[in-house]
Amino acid sequence: MAGDDAETVVKLVSSDNEVFEVERGVATISALVSNVLEDVSEDETTIPIPNVEARILCKVIEYCRYHYQLQSNPQSEDDVDKWNKEFVRVDKPTLFSLILAANYLDIQSLLDLTCKSVADMIKGRSAEQIRAEFGIENDFTPEEEEEIRRENAW
């Protein structure tokens, strides 16, 4: 069946109605797509992805295609890590959209990669630096902030 997966094409339709033709094996890296394909007839190969816009779905497919091809063409862990780091080198809105897409499509490895990228952005930073980095408004009064600091001192 692995040979069939490489040849069978699945059509993924983004929220903005762009159609992507993707090899079945690549598409089924998504647990959501895999589950949908299990539940429909063999000739039903068009799957709407209503929560993901085309530009993000294109990036997700790029990720899935690369990782699918690793099964038949293994690379060193260093090369894969390098590719992954380059893949998540995107602007913040794209990164956050990738997180949402990975979560919706149930692609755990992509979700882990994108969340780690955000974690790396905040590692070692103060609350004020994190707020500035992500444009988060501080809605605590100075008294509330001091109380939270006392409660969570370690």
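Residues are numbered from 1 along each chain as its sequence is written, and side-chain values use heavy atoms, with hydrogens and water left out. Because the model is predicted, local features need pLDDT of at least 70 and side-chain atom pairs count only at pLDDT 80 or more, whereas totals for chains, interfaces and linings use all residues.

A search of the whole structure finds one cavity of 30 Å³ or more, a cavity being a set of points on a 1 Å grid over the protein atoms alone where a 1.4 Å probe fits but cannot get out. The volume of the largest cavity is about 70 Å³, taken as the space filled by probe spheres set on the points. Its lining (residues with an atom within 4 Å of a point) includes L12, S30, C64 and I107, and the largest share, four residues, comes from α4.

Five aromatic pairs are found in the whole structure, where rings of Phe, Tyr and Trp (its six-membered ring) pair if their centres lie within 6.5 Å, with planes under 30 degrees apart counted as stacked, over 60 as edge-to-face and the rest as tilted. Two of the tilted pairs are tabulated below.

| Pair | Centre to centre | Angle between planes |
|---|---|---|
| Y63 and W83 | 6.3 Å | 45° |
| F96 and F134 | 5.9 Å | 45° |

Technical notes:
On a 1 Å grid over the protein atoms alone, a cavity is a set of points where a 1.4 Å probe fits but cannot get out, and a pocket is an open set with protein on both sides within 12 Å along at least five of seven lines; lining residues have an atom within 4 Å of a point. Helices (H or I, at least four residues) and strands (E, at least two) are DSSP runs, numbered from the N terminus.
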